[in-house]
Amino acid sequence: MAQIKNHEADRLIARPDWSHAVFLIYGPDHGLAAERAAALARATGIDLDDPFNVIRIDAGAGGDPDRLINEAYTVGMFGGRRLIWMRGAGADRQISDQVERLLTDPPPDTIVIIEAGDLKKGGLRASVEKARAGMAIPCYADNERDIQNLIDQTFSRADQRLELDARQFLTSHLGGDRAASRAELEKVALYALGQPVVSLGDVQAVCGDASALGFDDVSMAVLTGDLDGLDRAMTKFESGGGAPAALFAIIQRQFQVLDRLRADMDREGKSPAAIVNGARPPIFFARRKAMERALSIWTPRAIRAALDRLREAVLQSRRARHLEPDVLRMTLLALTVQSARRR
């Protein structure tokens with residue numbers, strides 16, 4: 001059974017086990033899935049520009065429905081290992097059936113990478129997870145450590161160093177989607193090209209709109225019970241085409257931070273302001289007042305209930321993708337109302 005955790009993925013992709021013939025890379029963070037699929041494809045050592053040994057298939061483009069299985073068992077014209085890279089796979093039974101055959105009878109000298117969205121348990125995902133010849137690699141939203149590593153990688157390559165408040169701003173605003181996070185960081189590095197130190201002003205000049213990064217207005221409205229603020233922030237989020245899965249991840253992370261800070265406050269007997277000021281990693285200064293209010297509003301029991309509610313909402317949205325925006329708005333509205341009543 002080849003199933004790994006999200007935090008193990010990058011290490012295993014760096015040193016792949018080629019005894020597996022089929023690699024399924026899936027999850028709600030589409031940018032991270034694409035990044036890991038590309039890294040795994042490079043790790044094969046096959047020239048990705050070789051049209052004879054690299055076959056790219058778009059699962060949603062139509063065409064031959066049996067192309068995956070036909071290509072997998074085709075002998076390469078010039079020999080050597082071949083790579084089949086399928087993008088956009090979903091819960092399609094036809095693809096799942098073909099993958100099951102590949103897992104039962106792996107084609108020699110062929111690596112299959114399947115890049116998929118957020119798959120439910122069962123179907124394609126279960127087939128790969130249970131097979132000896134398969135490896136399933138999940139891709140979930142980056143946590144704080146992942147974001148810090150991404151920041152360090154980006155700015156060290158550019159020979160730049162971030163001021164503390166600039167790092168705090170980026171850490172608190174990134175994480176919903178790996179591709180979007182990397183694009184924002186590279187945009188800042190390019191803007192500050194030639195500067196050894198990157199300031200908060202540099203970051204805000206490029207990423208001044210918080211909603212484009214981490215949906216700060218939404219999360220702070222939920223935590224502090226600001227119903228009017230939530231309505232404005234959600235309208236802006238929806239009109240901008242924001243991804244519900246990314247916002248769910250951001251809100252969950254904010255409640256996890258709140259849970260940790262509230263536990264510190266109760267244990268140490270300190271005020272909300274003292275806990276926020278002494279938080280490690282530091283809270284970005286523009287959010288400190290909101291976090292202080294949230295600490296006064298939310299009890300440990302209420303925070304855990306909110307996290308349970310968010311987890312259940314995420315599961316509901318995955319079961320019915322067409323209802324995802326409605327589930328998101330209703331869940332956040334309920335949490336904001338709860339916060340307003342407690343306030």
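Here is a walk through a predicted model, from its confidence to a few helices and single residues.

Some ground rules come before the tour. Residues are numbered from 1 along each chain as its sequence is written, and side-chain values use heavy atoms, with hydrogens and water left out. Since this is a predicted model, local features need pLDDT of at least 70 and side-chain atom pairs count only at pLDDT 80 or more, while totals for chains, interfaces and linings use all residues.

Let's start with pLDDT, the predictor's confidence in each residue, from 0 to 100. The protein chain has a mean of 87, and 95% of its residues reach 70 or more. Confidence is highest in strand β1 (residues 22–26), at 95, and lowest in helix α10 (residues 210–213), at a mean of 43. Helices (H or I, at least four residues) and strands (E, at least two) are DSSP runs, numbered from the N terminus. Over residues 209–214 pLDDT stays under 50, and the model has twelve contacts there beyond four places in sequence; contact means heavy atoms within 4.5 Å.

Now to helix α16 (residues 300–319). Its 20 residues reach 29 Å from first C-alpha to last, close to the 28 Å expected at 1.5 Å a residue, where the expected span is 1.5 Å times one less than the number of residues. A302, I303, A306, L307, L310, A313, V314 and S317 of α16 are buried. They cover an arc of only 140° around the axis, so they sit on the same side of α16; that arc is taken from the directions from the helix axis to the C-beta atoms. Buried means under 20% relative accessible area, exposed over 50%, and partly exposed in between (1.4 Å probe, protein chains only). The buried residues pack against α13 (244–268) and α17 (324–342), while the face turned away from the buried side carries the exposed R301 and R319.

Over in α17 we find T336, which counts as buried because its relative accessibility is 0%. Leaving aside neighbours within four places in sequence, T336 is in contact with A221, V222, G225, D226, L227 and L230.

Not counting residues up to four places away in sequence, E71 touches I55, R82 and I84. F155, by contrast, is 84 residues from E71 in sequence and 41 Å from E71 in space, C-alpha to C-alpha.
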